[in-house]
Amino acid sequence: MSARPAQPLREVSGPSALGGGSRRFFDLLWLTSVTEFKRVYFGTVLGYLWSLIRPLMLFATLLFVFTQVFKIGSEDVEHYPVFLLLGIVLFTFFQESTTNSVTAVVSQEGVVRKTQFPRLVIPISTVLTGVFNLGLNLVIVVAFLFAFGVDPTWTWLLFPFALALLFVFTAAISMALSVLYVRFRDVAIIWTVVAQVLFYATPILYPVNFKENYEHLLMINPLAVIFEQVRIWVLAEPQAPTVVEAAGGWLGLLPAAVIFVAVCVLGVWTFNREAPRIAEEL
Amino acid sequence: MDSSAAATADTPLAIQVEDLRKSFRIPTHRVDSLKERMVRPFSARDYRELKALDGVSFEIHQGEFFGIVGRNGSGKSTLLKLLASIYRADHGRIRMAGRLAPFIELGVGFNVELTARENVVLNGVMMGLTPQETRNRLDAVIEFAELDEFVDLKLKNYSSGMLVRLAFSLMLEVDADILLIDEVLAVGDAAFQQKCADAFHEMKAAGKTIVLVTHEMSTVEQYCHRAMLISDGRIEHLGDPAEVGRHYLRLNFESDTSEPESRPAHGSDEEVRLLDIWIEDAAGERVTNLEHGDRIRLRAELEAGRDAPGGLGVGFVLVNADGVGVHEFGALATDSYGSPQLSAGKRVAISAEVENLLTPGRYFVHCGVSRANNSGVALYEPKALGFVVFGGEAHSRGVVTLATEIEAVAR
């Protein structure tokens, strides 16, 4: 009766972050991210424009406020508009990816509760969709770079390395938030506030050395370190302090490094711990 | 059906489940926010343990069509979710041979914002194919579902019938070795149901292992080689589908009989007390349900609270769930010498045997005691006993089924 060759019995281990093998995980991750990206861009009439307008509006407003009203920008930073735009674009990626991740698992309730879906795909694909957006927004940044006469240097090639760090950091936070929200609904509100604070605690509006003695404190924030390094690599301003200078020596970078590693470890740990139980908690 | 069941018994195992246990912790007070957790750090520890599965072991052979039945909350869906790796077992192990379609419901992975084409690819990958394999099978899926014109239409614009067709044909094309199916056969119109039935027979012929969870006994008897009845997280019966069906029916009626309203404790100054009333089976065991045709062996015990010089008449009225009286019967209580005179403290044992022509359903017995000299009612207890009749002609609309001879002859 059975024409198929006999297959060996294999242990079924239950749900997990990667569930169903790594090939299936990556296939699903890619498909989910691409379809979501397509849905956003081809689903609405002005698709791409909308995602561009938000950071550009923010950029225009802040540019006006900080060059005309407070006059912080223009004095210390050579190409302040480009500096500001680059910062906003990168932070938009961080903020949108993490914020969207908060509700990602809960909004995929049907899939989580009724199929064996590798749980990790959900937050990571949200971040990956964010990366696609970032890619498109960076096109505008490149246009600005040339428009403001920033000379290309070989350090532009190092930019992807900073992006990789930012991606890892964003992904780790997204993982933790997505599963914590399943159990604690106020994570959404808390994260909105934290993200707002992080925006001001990162040198986006102002250069890291805007005031004496504050730069060491700023350099505790891993995002500040990444953003400052991006500024050095991309804008290549001679007067910008290196991250080591801003942190007051290599030792000053230690807190940021510790926080970075701790966030990553905690994110992965939280996710792994909660992932098998998500279907039951929903 | 028996011959095919014998045939699959020789094939290797497809699923092996050993001592599976799963319990859920139901918080008596759900902590949904961090604030609550901080304000009352220990309140979250108030859990009620719900044993959804309590030591379940069974084996399914390759090529077998296996049915799992049970009432709501019996643990059958939990078992399916454990098999599908949606839940993690607390104890025990599950082993499987071959690729499993990790879906327990048709079309659950669909995203209505995407087109049929995108959904098929996404869901195919979810079911374990590579994106390339899925694209190769896309045409076959769409063709079987008869949706060629709508392949680039978003699913939100599909009718529910179209969705089901798409989901079902996708499930067939994915070609998994083991399929877990939760109540899908009831969907769709008659034509589609026929298509499902054909597909299932094909899958049976192809030697696929199918686990079907349902509470539709007819489906189980129609398709399954073997079936399993789950009740309260345990296996109640495993084996021949027809046998399981009978157990299931019995179980359904058994737990449907709620206890008759507890009788208030009567004061000792009462004239007559109904101490107990029950129905027995032929072996003398108390039962709460009877199969149609089994005689109703009613037993009751009374106690006279005061002297009853004129004697007591005991009567019972059998009513159906709508309160319609079906049958009334009674007797004069006498002592062992045949005298109707009863002194205070005397007990009377009543034993009646009634022919059971009742149609399946719920019935109640009212109990009444009257003074024999016609001077009024000494006791009246409505619904003193409730019981269920099952079996027989399930679709009869009458109150009773009477022996009937009927013929209809064309002239």
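A residue is buried if 20 or more other C-beta atoms, placed from the backbone, lie within 10 Å of its own, exposed if 12 or fewer do, and partly exposed in between. This is a predicted model, in which local features need pLDDT of at least 70, side-chain atom pairs count only at pLDDT 80 or more, and totals for chains, interfaces and linings use all residues. Residues are numbered from 1 along each chain as its sequence is written, while chains are lettered from A and ligands numbered from 1 in the order in which they are written.

**Exercise 1. Describe chain B as a whole.**

Step 1. Chain B has 411 residues, and 35% of them count as buried.
Step 2. Chain B holds 9 helices and 18 strands. These are DSSP runs numbered from the N terminus: helices are H or I with at least four residues, strands are E with at least two.
Step 3. Take the contacts in chain B with a separation of 6 or more: residues 24 or more positions apart account for 72% of them. Two residues are in contact if their C-beta atoms lie within 7 Å.

**Exercise 2. Find how H4 and H6 of chain A pack.**

Step 1. Helix H4 of chain A spans residues 80-107, and helix H6 of chain A spans residues 121-147.
Step 2. Their axes lie 9 Å apart, at an angle of about 165 degrees. Axes are lines fitted to C-alpha atoms, for helices over the stretch in contact, and angles run from 0 to 180 degrees between N-to-C directions.
Step 3. So H4(A) is roughly antiparallel to H6(A). Angles under 35 degrees count as roughly parallel, over 145 as roughly antiparallel, 65 to 115 as roughly perpendicular and the rest as oblique.
Step 4. Among the residues that meet are A:Leu85, A:Phe93 and A:Asn100 in H4(A), with A:Val127, A:Asn133 and A:Phe144 in H6(A).
Step 5. The contact of H4(A) with H6(A) has 16 nonpolar, 7 polar and 1 charged residues. Ala, Val, Leu, Ile, Met, Phe, Trp, Tyr, Cys and Pro count as nonpolar, Asp, Glu, Lys and Arg as charged, and the others, Gly among them, as polar.

**Exercise 3. Examine the phi angles of B:Ser85 and B:Asp232.**

Step 1. Most residues other than glycine have a negative phi.
Step 2. B:Ser85 has a positive phi of about 60 degrees, and B:Asp232 has a positive phi near 50 degrees.
Step 3. B:Ser85 lies in the loop between helix H3 (76-83) and strand E4 (91-96) of chain B. With 24 C-beta neighbours inside 10 Å, B:Ser85 is buried.
Step 4. B:Asp232 lies in the loop between strand E8 (226-231) and strand E9 (234-239) of chain B. With 16 other C-beta atoms within 10 Å, B:Asp232 is partly exposed.
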